[in-house]
Amino acid sequence: MSPDAFLDSFDFSKDLSLYIHVPFCISKCDYCAFYSVPNHSYEILDAYTCKLISEIEAVNSRMEGRPYLTAFIGGGNPGCLGPKRLEMIVRAVCANGRPSEFSTEMNPESLSEDFFPLFGAYLTRLSMGVQSLDPTALAFLGRNADISQTRRGLELSQKLKLLSGCDLSYDLITCLGSWHDELSDVSGITCAYPSDHLSVYALTLEEGTPLCRRKPVLPDPDMQYEILKGIWDYLEQNGFEHYEVSNFARPGHRCVHNCRYWQYSQYLGLGPGAASPAFGKDGKVSRISINHSVIGYIAADILTGFDKEMLSSKEACEELVLMGLRYKGGLNLSRLEEYAGIKARQVLVPEILKTLVGFHLEGNFLVPDDEGLMTADAAAGTLLDWLY
Ligand code: SF4
């Protein structure tokens, strides 16, 4: 596959978001099955940065001078790059102007004041993988940062917000086991370290991870429901809007980039392990996956070595439904009609609303309420069974 084959998959006349995958971590967390490489050398980081910038410039050249709508640097832990390499990357992304929202992830132990000048100048949002303030939970999860490094990173993030005005988001993990007081962990973080946004995930055991091999006893589905419901209620009572299954925002602070995932909108992913939904000018939908190792990615020619899978209408419909029903923006019924070839509003919605609990019609969208968010995946299965 050539660079043009990659670039021609996207419709550059429409808004485009950019995702960059940084596949480096200081060490592997015990629960993590994402592709990332610990113990990388400076030479690898330099070579990765150079390669990535060449690819960003190739994509920029198709943007006709327009900035990306949003951009997101995720990981891994982008803090592993250090401030100089990260600055080179964010400058390349902003060559046509700064995206309206530009986020980077970073772990608490990696944040330092050396990164601060990048916020305000380029980046508008910091998303920090905190996970817990309970030292036992951090050890259980095999996190690299201990509690003092975690608190130090949180305090620095608060200072960064004061100085730059950037949005702050923290990631937390819950449902660890009966020994863990989930609600006091979450409330402890929200009280001590105010943020604009929180992502709260229930722990899942991924095959092949050290945590999975230890076979810990996690809460059963009923208990998990109780724990999540308690956290969701607490956050809503404390000024957060619950806008996606795992995501909460102060009013006006939703993550616009991630909303584009749930709206099943176009974004372009770069870096080993990145995947993108591409909506061609011909209306065809494809899934582009970059399946390189770090070394393979560095060695390959730019924008090559990717897989392109054309999606059938049914597959595109499945993705649209799975994303839309887990998001308070709702499932776009016009697009459902386009992919499924059915009169959704007249035929589907009246039927499906008799079965699905926790969903309602809002204009052209089928929207979950809090109960719907709790059962979003099952609801998507029901709807797709009905369609196909
Ligand atoms: S820091 Fe994030 S990506 Fe890296 S090992 Fe831990 S959970 Fe996985």
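Residues are numbered from 1 along each chain as its sequence is written. This is a predicted model, where local features need pLDDT of at least 70, side-chain atom pairs count only at pLDDT 80 or more, and totals for chains, interfaces and linings use all residues.

**Exercise 1.** Work out how the radius of gyration of the protein fits the globule rule.

*Solution.* Start with the rule: 2.2 Å times the number of residues to the power 0.38, with the radius taken over C-alpha atoms. For 388 residues, a compact globule would come out near 21 Å, and the protein has 21 Å, so the two agree. Next, look at the C-alpha trace: along its principal axes, it spans about 60 × 55 × 40 Å.

**Exercise 2.** Find where domain 1 meets domain 2.

*Solution.* First, get the bounds: domain 1 is 3-260 and domain 2 is 312-388, as set by an automatic or database domain assignment. Their C-alpha centres lie 28 Å apart. Now count contacts (C-beta atoms, placed from the backbone, within 7 Å): 7 residues of domain 1 touch 8 of domain 2. On the domain 1 side, α9 (221-237) and β9 (241-244) each supply at least two residues, and β9 gives the most, with 3. Helices (H or I, at least four residues) and strands (E, at least two) are DSSP runs, numbered from the N terminus.

Conventions:
Contact = placed C-beta atoms within 7 Å.
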